[in-house]
Amino acid sequence: MEEKLLQVKDLYLYFRTSQGAVQAVDGINFEMARDDALAVIGESGCGKTSLIRAILRLLPRNVHTYKGSVVLLDTDVMKLSEERFRTNVRWRRMSLVSQAAMNALNPVIRVGDQVSEPLVVHQGLSKRDALAQAAEVFRLVGVSTDFLSRYAFELSGGMRQRAIIAMALITKPELVILDEPTSALDMLTQANIMNVLKGIKRDLQQSFIFITHDVATTSELSDRGVVMYAGHIVEISSAEQFYLNPFHPYSQKLMASVPTLKVRKELEFIPGQPPSLLNPPTGCRFAERCHRRFDMCEQEPPMFALEDGRQVKCWLYK
Amino acid sequence: MTKLLSSLFGTLKLYPTIIASSVIILGLVALSIYAVVAIPYDKAVSLWRGAEEIWIDTPRYAAPEWTNLFRRDKLPLTFTLYSDSENSVTTVGENSTETITEFTFTYDYKTFPREMNVFFDAQFDKRQPYIMIAWLTPDGREVSMFRGGIRSSHRYPISQDTSLTTHAPDQLPHVVLLADPASLKDAAAEPEVLPGEYTLRIRTLTFDEGSTVQSRFTVYGDVYGMAGTDHRRRDLMVALLWGTPIALLFGLFATIGTSILTFIIAAIGTWYGGWLDAAIQRITEVNLMLPFLPILIMVGTFYSRSIWLMLVVIIVLGIFTAAIKGYRAMFLQVKNSAYIEAARAYGASNMRIIFRYMIPKLVPVLVPTFVIGIPAFVFLEASLAVIGLGDPILPTWGKVLSDAYQGGALYRGYYYWVLEPAVLLMATGLAFAMLGFALDRVFNPRLRGI
């Protein structure tokens, strides 16, 4: 395998609530190589966003447990102090296109100032130099540089989204994390944004992590798929393997729920709902809804590494 | 730039109150600048504290001159005539120098002045200058008054010279000088003014070489200057002029201190949360229970009544007020918005988030509050002065009101004494209130009319 850009080991993030600890990220392990595009796929509430919060240390106040290691190239970012992390890692090496990207622009400052802000904060650039670079990334994401001097409310949703992506790219970080970058956009704009991202991946060899519940839109862009369910990773495989022939029963059901254009098929859904992360079941967490469940599912399956490079957390592949 | 200006004026057109209030505020600012330039601080303080020597040329309780515009029988003006080369003729003799100074003036008021004085400033080595004063009336009489040597600073109070009233012992000396002799014959009748041109002739003899005498003649009328005078003969103009910059600065500093600090502290507390927020909230709750006025009275009584100390106390007591709770509620909402989270993600420091992301969002709420806050503190300063906590040195509008109140101005009919500072206070309050309400509508589109 090539050089590893990111290694996540035994990452835990529990939230404290009045009813107990929510085990949102429960022992996650994965690795990604440079120039890789990783798609993290899962239903709402399975811990996708918590995972990136844990990686980026964007923690809310009610953290119960937060441990594990996140190694970015050679640095274990978990060991850095909050201040070191803020100045050296955030946006310099990892940037985020957040979930509510539509509202992620400060309404009272100009878009250009906002997009160039990371440069001012992290590299101490003058406002003018920073704006010049902002113009560059704006061209990259296909927004006219006229919009640099506009306010966020003067931009359409797609333009705002692209401005946010531009902001994530402006410091040339090693890793860009996109949290549902295309949700809340119409189909054409989604396609447009995906094309922009494809272009960036091709031209800049940028590494991405996508968080998504929309399997279809990311299929073209991702090199590898990571499927999350109830705070666990249940399958890691290359994009081709995953989209054509998923192994984990949950992945199979997930793919079966995606509509295809030409083939007529009955769309499937998974009965029931994901278990509460307050008190998750022992054993396989998907067992309750699984169509192929058997006795072994009473115990929690380990991650099985298969010969073709897949990793599946299911007793079926023992 | 021009686009910006034209859009600014376009907006202003919709809000005539902004224009009106800006005119008043700019006027007050101009008045302040004029006051500070025309009367330097030290001079203003010494004039205001001034003993009788400074205000020797002004009457007590004189109404402003412009009140004559509203009277059919004009009240006599206060005026002073000075000796100069035009009204003086000097002849140099062998051992002495003789100077004749003639102060000529027309007096055609119906009433008599309050007082008349002649002052001398003499310079000599050994021998005193010798003075002879005569009074020439329009009907050709000549009354000789004072003759004798004078000291280097000498006052001849005409109004106390009883030698002038021998034939009309019930009348005051200056009344006798200005009255029609026919009206003085009957002691029971009111004396009447003989209108016409009067002359006060001063003959000065000096005996030393280089010895000079400057003289001046003051007639104390019933009206004086633009603003009138108070019980200590002080020209109220000093206080009205100097009260403007003091009132504006006091209002401005107090408002900056309270509303802006309150705003920033609310933002900081909300952002950091935890014990800091809790501490700010508890301090606020305690502070809300503290009695504001009694504390000010105690400080004024036991420590100092300096206006700047009062300002500090007001600011300290004014930071942790109920407004902090209101701002906190708004900041809590802003704190959780997506763009703040985004700012956190790209590594903005806490201070950057507070000052660049949270505070600008709510500045529109702050601005009208800020503007309306200014007159509140201007009034507070005046109120403190009225209850006896005014600055003992500085001339302020509040001090004038306080003096007028203690001097029974309204009871005794000196309306100008109360009305002048009151009108200035009201103009200030009105201007800032109009501006504040208009800005409120600019920043709060929901309040706009159709």
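This is a predicted model: local features need pLDDT of at least 70, side-chain atom pairs count only at pLDDT 80 or more; totals for chains, interfaces and linings use all residues.
**View 1. Where chain B meets chain A.**
Let's start at the place where the two chains touch. Chain A brings 26 residues to the contact, and chain B brings 20. Putting them together buries about 1800 Å² between chain B and chain A, with carbon and sulfur atoms giving 55% of that area. There is polar contact here too: eleven residue pairs, both partners at pLDDT 80 or more, are counted between chain B and chain A. On the chain B side, helix 6 (236–272), helix 11 (338–345) and helix 12 (350–389) each supply at least two of the touching residues. Which helix of chain B gives the most? That's helix 11 of chain B, with six residues. Sort the chain B side by residue type and you get ten nonpolar, six charged and four polar.

**View 2. A salt bridge between the chains.**
Zoom in on the charged partners across the same interface. Side chains of opposite charge can pair when their charged atoms come close. How many salt bridges does the rule find across the interface of chain B and chain A? The count is three. One of the salt bridges in the model joins Arg356(B) to Glu117(A), with 2.6 Å from N to O.

**View 3. The two domains of chain A.**
Now stay inside chain A. Its domain assignment gives domain 1 (4–93 + 173–317) and domain 2 (105–172), so look for domain 1 in two stretches of the chain. Taken over C-alpha atoms, the centres of domain 1 and domain 2 of chain A are 28 Å apart. In the contact, 19 residues of domain 1 of chain A meet 16 residues of domain 2 of chain A. About 1400 Å² is buried between these two domains, and carbon and sulfur atoms give 69% of it. Who loses the most area on the domain 1 side of chain A? Look for Trp91(A), Arg92(A) and Pro173(A), which together account for 38% of what that side buries.

**View 4. The domain 1 side of that contact, up close.**
Between domain 1 and domain 2 of chain A the salt bridge count is zero, while five residue pairs are in polar contact, both at pLDDT 80 or more. Helix 2 (82–89), strand 7 (175–179) and helix 6 (187–204) of chain A are the elements that give two or more residues to the domain 1 side. Helix 6 of chain A has the largest share, seven residues. By type, the domain 1 side splits into eleven nonpolar, four polar and four charged residues.

**View 5. The eight-stranded sheet of chain A.**
Next comes an open sheet in chain A. Strands of a sheet pair through backbone hydrogen bonds, either parallel or antiparallel. In this sheet of chain A, eight strands line up in the order 6-7-8-3-9-10-12-11, with mixed pairing. Strand 6 (94–97) and strand 11 (304–305) of chain A sit at the edges with a single partner strand each, so one side of each has no neighbour in the sheet. For a parallel pair, find strand 7 and strand 8 (residues 207–212) of chain A, which are joined by five bridges. Here Leu175(A) stands opposite Ser207(A) in strand 8 of chain A.

**View 6. Strand 4 of chain A and its partners.**
Strand 1 (residues 4–17) of chain A pairs with strand 4 of chain A in the antiparallel sense over eight bridges, and Leu13(A) stands opposite Tyr66(A) in strand 4 of chain A. Strand 4 of chain A also runs antiparallel to strand 5 (residues 75–76) of chain A, joined by two bridges. There, Val71(A) stands opposite Asp76(A) in strand 5 of chain A. The hairpin of strands 4 and 5 of chain A has two residues between the strands, and Leu73(A) takes a positive phi near 55 degrees.

**View 7. A salt bridge within chain A.**
Arg57(A) and Glu82(A) meet through their side chains in a salt bridge, at 3.5 Å from N to O. Over all chains, the whole structure has 33 salt bridges.

How values were computed: Residues are numbered from 1 along each chain as its sequence is written. Chains are lettered from A and ligands numbered from 1 in the order in which they are written. Side-chain values use heavy atoms; hydrogens and water are left out. Contact means heavy atoms within 4.5 Å. Buried area is the accessible area (1.4 Å probe) that two parts lose on being put together, summed over both. A salt bridge is a side-chain nitrogen of Lys or Arg within 4 Å of a carboxyl oxygen of Asp or Glu. A polar contact is a pair of N or O atoms within 3.5 Å; within protein, one must be able to donate a hydrogen and the other to accept it, and residues adjacent in sequence count only if both atoms are side-chain atoms. Helices (H or I, at least four residues) and strands (E, at least two) are DSSP runs, numbered from the N terminus. Ala, Val, Leu, Ile, Met, Phe, Trp, Tyr, Cys and Pro count as nonpolar, Asp, Glu, Lys and Arg as charged, and the others, Gly among them, as polar. Two strands pair if DSSP finds at least two bridges between them.
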